[in-house]
Amino acid sequence: MSGRRVTILDYGAGNLRSVAKAFQHEGADVVLTADPAVAARAERLVLPGQGHFGQCMTRLEGAGLADAVREHVAGGRPFLGICVGMQLLFDESEEAPDVRGLGLLPGPVLLLRTVLPLPHVGWNSVEFIRAAESDPLLAGVAGPEPRYFYHVHSFGVLQSDAEHVLGRCTYDDAFASIVRRDNVWGIQFHPEKSQEDGLRILRNFSEM
C-alpha cells in the first residue's frame, strides 16, 4: 500500500476530478470511493465540494458517507474538507437551514456580509494567524505575509477569530479560509486552482 495514498469521497461533487488530478500531480496515489467502509478506514480522507450545502450534505447522508467521515475522524487519521467540503464540517448553514452539517467544527456557515457582488470569485489574499506557520498542512506556505488563493463561494464561516481558524480572508467582511481541529482541516478556497501554494498544501496533506 502506498505511503502517500489519498482517498477522495465520490458523492457527485463537481470538483472531484480536478482535485484528484491535482493530488496525482503531486505524486499521491489517489483512490476515489463511494463505499463507506473504504472511506472509514482510509489513511487520509478528502471531502471535496462544489454547489449547494443542503444537496451535498443530503448526498453524503444518503450514501452512508457522513457516518463514514465521522468514523474516520474518530480514528485520528487526517481529514481535509475543500470549499463546500469545508462548510460541511460545521453545524449548519444559512444556505440550507433545515439540514444539519457534520458537526465536526462548531458554529454556522453564513451568507457573506458584503455589498460586493456574490459569489466571491477570484484570487484573494489569506492572512495566516496563530499557529499556522507550524501547521503541517501549511508547511512552506504559511508565513508573516499573506498568500493568494482562488476562491469561489457565497457562503462562509464568519467567525474568523475562532480558535480553530488558521487563515482568514476579507471580502468586505472577514471569513475563515483555513480551519483546523485536531486531525480535521478545512480550506474554503480551491487548492487545485491556486497554483504553486495550493498544490503544496495538497502535497503536504498527502505526506501526513
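# Exercises on a predicted model

Five of the seven residues of β10 are buried (under 20% relative accessible area, with exposed over 50% and partly exposed in between, for a 1.4 Å probe and protein chains only), so β10 is largely enclosed by the rest of the structure. Helices (H or I, at least four residues) and strands (E, at least two) are DSSP runs, numbered from the N terminus.

The model is predicted: local features need pLDDT of at least 70, side-chain atom pairs count only at pLDDT 80 or more, and totals for chains, interfaces and linings use all residues. Residues are numbered from 1 along each chain as its sequence is written, and side-chain values use heavy atoms, with hydrogens and water left out.

## Exercise 1: the partners of β10

Find which strands pair with β10, and in which sense.

Solution. Two strands pair if DSSP finds at least two bridges between them.
- Step 1. β7 and β10 are antiparallel and share three bridges. Glu 127 has Arg 168 in β10 as its bridge partner.
- Step 2. β10 and β11 also run antiparallel, joined by six bridges. Here Val 165 is bridged to Val 179 in β11.
- Step 3. The hairpin of β10 and β11 has one residue between the strands, and Asp 172 takes a positive phi near 75 degrees in this hairpin.

## Exercise 2: positive phi

Locate Cys 83 and Asp 172, and decide whether each is buried, partly exposed or exposed.

Solution. Most residues other than glycine have a negative phi.
- Step 1. Cys 83 is not a glycine, yet its phi is positive, about 55 degrees. Cys 83 sits in the loop between β4 (79-82) and α5 (84-87). With a relative accessible area of 2%, Cys 83 is buried.
- Step 2. Asp 172, likewise not a glycine, has a positive phi of about 75 degrees. Asp 172 is in the loop between β10 (165-171) and β11 (173-181). Asp 172 counts as partly exposed, at 47% relative accessibility.

## Exercise 3: two helices in contact

Describe how α1 and α6 are placed relative to each other.

Solution. Axes are lines fitted to C-alpha atoms, for helices over the stretch in contact, and angles run from 0 to 180 degrees between N-to-C directions.
- Step 1. The axes of α1 (residues 16-25) and α6 (residues 195-206) come within 9 Å and cross at roughly 75 degrees.
- Step 2. Angles under 35 degrees count as roughly parallel, over 145 as roughly antiparallel, 65 to 115 as roughly perpendicular and the rest as oblique. The two helices, α1 and α6, are therefore roughly perpendicular to each other.
- Step 3. Contact means heavy atoms within 4.5 Å. Ala 22, Phe 23 and His 25 in α1 meet Leu 199, Leu 202, Phe 205 and Ser 206 in α6.

## Exercise 4: the nonpolar core

Name the residues with the most contacts inside the largest nonpolar core.

Solution. A nonpolar core is a set of buried Ala, Val, Leu, Ile, Met, Phe, Trp, Tyr and Cys residues joined through side-chain atoms within 4.5 Å.
- Step 1. The largest nonpolar core has 71 residues, and Phe 23, Leu 80 and Leu 88 have the most contacts inside it.
- Step 2. Not counting residues up to four places away in sequence, Leu 88 touches residues including Tyr 11, Phe 53, Met 57 and Leu 102.
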